[in-house]
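I opened my notebook and went through this one piece by piece. Here is what I looked up, in the order I went.

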Amino acid sequence: MAITITFLQQLPLAATRVTRRQQSFYLAIAGDTPAATVQNMCGIVGYVGRAQATPILLDGLRRLEYRGYDSAGLAVVQRGRLETRKCAGRIAALAKLVRKEPVSGSLGVSHTRWATHGKVNDQNAHPHFDASGKLALVHNGVIENYQALKEELIRDGDTNFRSETDTEVLAHLIGKLYDDSCASTVDAPGKKARLFDAVRTALRQVIGTYGIALVHADVPDFMIGARRGSPLVLGVGKGENFLASDVSAIVAYTRDAVYLNDFDVVAAGTDKFEITSLAGDSTEHPVSKVEFTAEDVRKGDFPHYMLKEIFEQPNTVRDAMRGRLNHEECTARLGGLNMVAPQLRDVGRIVLTGCGTALHAGRVGEYLIERLANIPTEVDYASEFRHRNTPMTSETLVFAISQSGETADTLGALRESRRKGFRTLGICNNVASTIARESDGGVYMHAGPEIGVAATKSFTSQLVILTLLGLLFGRMRNLSAAEGSRVIEALEALPQQVEAVLDLNDQIKAIAKKYANANGFLFFGRQFNYPIALEGALKMKEITYLFAEGHPSAELKHGIIALIRSDLPSVFIAPDDSVFSKNLNNIEQVKARKGPIIALTSGNCAKHLKEIANEIVVLPEALDYVMPILTAVPLQLLAYHLAAQLGRDVDKPRNLAKSVTVE
Ligand code: AGP
């Protein structure tokens, strides 16, 4: 059942004409199981201007589709009243609903919801409304004290709740504050000011996180947004303004953006906007130019964003080091760290933190920084680090690694680390992200928008940056100029070498086809390539839904070897390096137990694998520091082709979201 709701502006809700279909909506939600629904990783798009809002709202939602969602909805002010369409399922279903029952008007909000708990159904889809049905609100985040707020509203006589969601409570609270303040006749500007006030007053009572956008049928050229913990950006257009949870939703319409900070509240009309604090004080914000264009977020001729992004890596790897190599002094130039030489020299310990793929990059970073700079380096899951009382010394430097710059756990780790007084830097792709803005400095990846949920190009960019960091710190310590220069040469050779790896695409596709019926995959590697085994397994799990595990090769004999069987291929990352012969022993152990072997190797080592491995992928030779960048790419391709072969939704794998803004 999809939902179409029309709220009449002039009548109190009790007197509103409600169609039978609408009635069934109210009845359905009245009987819904009480459960706080948590909306996170969701998409928000809002529009105020002179164009038709609906196509812009739908288009914006489609551009956020890659982030993952399970339901979608929109509300538009049409001739002085709210028109709403919402349903569980894909944006295509919402678009169909809109085609069947069109909505016209130049002010509206829309939302894609990604449930983390609470039912996925039409009722829980956003927008939600206030008691009068004149205010529509979309929300990302969690109102933690929604029960207490609701009880108070009920005590005050509000019995008109249509759902059990936390979002609806916020809508009711704002609506009540607004209605109370408009008890006497107020003109149009007065209504705007009172709505703006009502939003601030309500949000001051909220405990929790939110990114919100709302419209009210009383003020048909006025939209309000606010954030705390969930990103929100204002797109500044000519005669129109936009709100979005991610700038990629609106970049086709404007590249002028104002990134809101926590506790900002913005009111936008067609030609102007105002931003205040929760207390109501006006705040100044720069209008920034969005770095990328709408073209950058298109698939082009590729069947999936993930494949496009894998193939972008020769360029993104180059972009990650562009302007950062100092040939003369055989070191790296990373001005964004905002640290002068004595401070960099004083660093006595490094902590690298992040989640998922970013954490795996950190694990490579640990090997890199220890080898190149001899600085004790530690890697920790952001979710663990932030709650752990790890002993830190004053010379500790913390790096939060995050493509999106919005991952809640990584942001939490960054804030905790700063709270304790440690210099905390970011390695981010999204330049306007919260992590980028809240860190003491950092390094941008410059990889361009990454749309596929499975991180690919951001990973190799992170590896380039970590190599640059190792080089910079190393050259301030005991790394010789000759060794520094070898690292630079190795980095500079990478774009071409990545091209050469991509030329192996057909071979890897054929391997994927051959093993499409496998029951899962094991991944093994040593030293710099142990984290690549973890990353290879993560890619495989995420998009093929097959069982996959990554381990240091030597761990095989400590238990994993019990898993070996003929339908469980082992992928060995065994390039020509100082641990090849050790890897070879482990490969023999699998072979002896009839486990199929797919080997990634390089140089002369291929000949040692001829009689043992079922498949051999020969990669270009490179220094072991940069080899993980070359070994990661075929594993991305392997997971991609397998997923495509199995008919998986490669760019939007089930249950996953691109940016995880819940803890
Ligand atoms: C990677 O393929 C995953 N989608 C996921 O593990 C991701 O790397 C993780 O959620 C961290 O995201 P971030 O880099 O945006 O912080």
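**Entry 1: a lysine and its neighbours**

I started with K539, whose side chain reaches the backbone oxygen of A455 at 2.8 Å. That is a polar contact, meaning a pair of N or O atoms within 3.5 Å; within protein, one must be able to donate a hydrogen and the other to accept it, and residues adjacent in sequence count only if both atoms are side-chain atoms.

Before going on, I noted that this is a predicted model, where local features need pLDDT of at least 70 and side-chain atom pairs count only at pLDDT 80 or more, while totals for chains, interfaces and linings use all residues. I also noted that residues are numbered from 1 along each chain as its sequence is written, and that side-chain values use heavy atoms, with hydrogens and water left out.

Is K539 buried or exposed? K539 is buried, at a relative accessible area of 1%. Buried means under 20% relative accessible area, exposed means over 50%, and partly exposed is in between (1.4 Å probe, protein chains only).

K539 sits in helix α17, residues 530-544. Helices (H or I, at least four residues) and strands (E, at least two) are DSSP runs, numbered from the N terminus.

Leaving out residues up to four places away in sequence, I found K539 touching M306, T357, A454, A455 and A639. Contact here means heavy atoms within 4.5 Å.

**Entry 2: the ligand**

T357 turned up again here: one of its backbone N or O atoms lies 3.1 Å from an oxygen atom of the ligand. A polar side-chain atom of S402 is 2.6 Å from a ligand oxygen atom, and for a polar side-chain atom of S404 I also wrote down 2.6 Å to an oxygen atom of the ligand.

How many residues surround the ligand? I got 14, and the closest are S402, Q403, S404, T407 and E542. To be near, a residue needs a heavy atom within 4 Å of the molecule or strand.

**Entry 3: the five-strand sheet**

Next I traced an open sheet of five strands in the order β19-β18-β20-β21-β22, with parallel pairing. Two strands pair if DSSP finds at least two bridges between them.

I zoomed in on β18 (residues 349-354) and β20 (residues 396-402), which pair in the parallel sense over five bridges. There V351 has V398 in β20 as its bridge partner.

Helix α10 (residues 356-373) lies across β18, β19 and β20, and runs at about 170 degrees to β19. Axes are lines fitted to C-alpha atoms, for helices over the stretch in contact, and angles run from 0 to 180 degrees between N-to-C directions.

**Entry 4: strand β25**

In β25 (residues 570-573), S570 and F572 point one way, V571 and I573 point the other way, and all are buried. In a regular strand the side chains alternate between the two faces of the sheet.

Strand β23 (residues 521-525) pairs with β25 in the parallel sense over four bridges, and F523 has V571 as its bridge partner in β25. β25 also pairs with β26 (residues 597-602) in the parallel sense over four bridges.
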